[in-house]
Structure formats: C-alpha cells, structure tokens
Amino acid sequence: MSSSAYKKSPEDTSEPTAQELASLPVEAELQGVETQIKPTPPEEWPGPQRILVVLAHPDDPEFFCGATIARWTRAGHLVEYCLLTCGDKGSSDRSMTSENLCAIRHEEQRNAAAVLGVHNVMFLDYPDGYLVPDLNLRRDITRVIRQRKPDILVTCDPQTLYIGDNRLNHPDHRAAGQAALDAVYPAARDHLNFVELWRDERLEPHITREVWVSGTTSPNVRLDVTDCWDTKIRALLEHKSQVGDPQAFIERMRSRLAEGATPENPRYEEAFRRLILG
Ligand SMILES: [Zn+2]
C-alpha cells in the first residue's frame, strides 16, 4: 500500500495513490463547495519566483500538483522540494525493510523531480505514517523556510479529513499542511520564534508572500495544466514502487479529465487555495 493514498475502503488493497490523489480537486468541486474559481496564470508574477513545496511523502508533489510545478519551472521559476518523510512504510512487499524503502523512495523522488525541472530536493526523513504537527516539525520547516527564503510556499490542506463518501485523507498529509502553515506564520516571520534559529544558526526571519494549498476542498484557483499533464504522468512513472503497471497507470491518469472535457478534447486542471499574505 502506498503511504500516501486516500483509502477507498478497507477491502480495497490495490495501490490507489494515483487515481485518488489526482482526482481530489475535481472531487472537491463535484461536492458543490461554493468557491470563487478564477483562472490565475502564474505568469502574472513580475519575475522568477522562488517556490518551496512542503509535503509529507515522496510522490506527493507529483500527485498533488505535478503539472503546475512543470508549468512553473517551464516559466523560469525556481522550485525546490522539502519532503517531510521518506515514505518508508508504503509497501506490501513482506521482504522490504523501511531502510531499503526509504532509499528507493529518495531516488524515485529525485528522478521524478528532475522530470519536472525541480532544482533541489530536500528530505527531513521523519518516519512515514507517524507525522504530527508538533513544535519539532514546525521548527524544522521554519529552518528550511529561512534558509531557502521562498516567495511562494506550496503545501496541502490540513482541514481535508475526508473526500466524498469513501475516502480518508492520510494523517501525514494533514500534519504536513498544518506544520507548514504554522511555520510560514508566525514562526518564520519573527526572530523570537524559535530564537535558537536566529541566535545560534544566524537564520534571519523570512516572510513568504504567497501560500498555495493543494489537496483542498475549497479551492479559489484552478489552473488549466493540460499542456503539462503528460509531463506530470512521466514524473509519476518515476515512482516505480508506487504506480504498479505503467500502462494501466497512464490510462488512469489520462482519465482524470477536467469537468466538461472529453477524451476527444481532453483538458486537465489542478486546484489550489491561494493565500496572498504579503
Ligand atoms: Zn502522501
């Protein structure tokens, strides 16, 4: 089982990561959540941006927002990943150890990031499945924010407890989103917050201008990422230990059409809650 999956049901033991996560924004809209969806092209930014993606597991960036990341790197923005765990539980292979799986997931994540044009991949290597939004995690993310100084931070929605009628969100996703948002504000902003980072490590406070929250049931930005959908799929295929049969996986991903699109006239979207803080 993938550690990053939304479980369909207890008896569903297929690897559900791709279809479940990729369909999340569409599912959210289908629930009738009232939102103000505006096409907001990232190209409105005045110049190249530093974008830091903070998510729980290797493969989360690609599943949640891989096409958007491809679009951003293609536009000249600098994208870096900070993965909080190394995905060391997501296997049904009884001969697999967490140590070996961690190494595999690191390599797969670096390969997937390279497909998307991501500049840097960092791992905090918290144990998969046990992530909690405590002060240690908040401090570690705050350290990365102050080191990397992002203009934009991408994470996931800690309020997404379940999707529709048959899926639970992974607790690591909720913990990652909560800790990342808490690190953006106020921890990274104020030098007396985790004063040891400023006093002992000489890390100055940093204000992140925007936060883009993926995996949300209340998006306010929906990007048309049709041009980057195949790149997203190619990146996801680098997660070989997660995707199963490649051809079946590709077909599932291509079926994740935006509302109103058809296989003959495909269109794909990724949705976010965009918060402009500064
Ligand atoms: Zn995950």
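Leaving aside neighbours within four places in sequence, which residues is Ser 241 in contact with?

## Ser 241

This is a predicted model, in which local features need pLDDT of at least 70, side-chain atom pairs count only at pLDDT 80 or more, and totals for chains, interfaces and linings use all residues. Residues are numbered from 1 along each chain as its sequence is written.

The residues in contact with Ser 241 are Ser 91, Ile 104, Arg 105 and Glu 108, once neighbours within four places are set aside; contact means that the C-beta atoms of two residues, placed from the backbone, lie within 7 Å. Arg 105 lies 136 residues away from Ser 241 in sequence, and the C-alpha to C-alpha distance is 7.8 Å.

Ser 241 belongs to helix α9, residues 240-243. Helices (H or I, at least four residues) and strands (E, at least two) are DSSP runs, numbered from the N terminus. Ser 241 counts as partly exposed because it has 19 C-beta neighbours inside 10 Å. A residue is buried with 20 or more other C-beta atoms within 10 Å of its own, exposed with 12 or fewer, and partly exposed in between, with C-beta atoms placed from the backbone.

## Strand β4

## Partners of β4

Two strands pair if DSSP finds at least two bridges between them. Strand β1 (residues 50-55) pairs with β4 in the parallel sense over 3 bridges, and Leu 52 has Leu 153 of β4 as its bridge partner.

Strand β7 (residues 210-214) also runs parallel to β4, joined by 5 bridges. Here Glu 210 in β7 stands opposite Ile 152.
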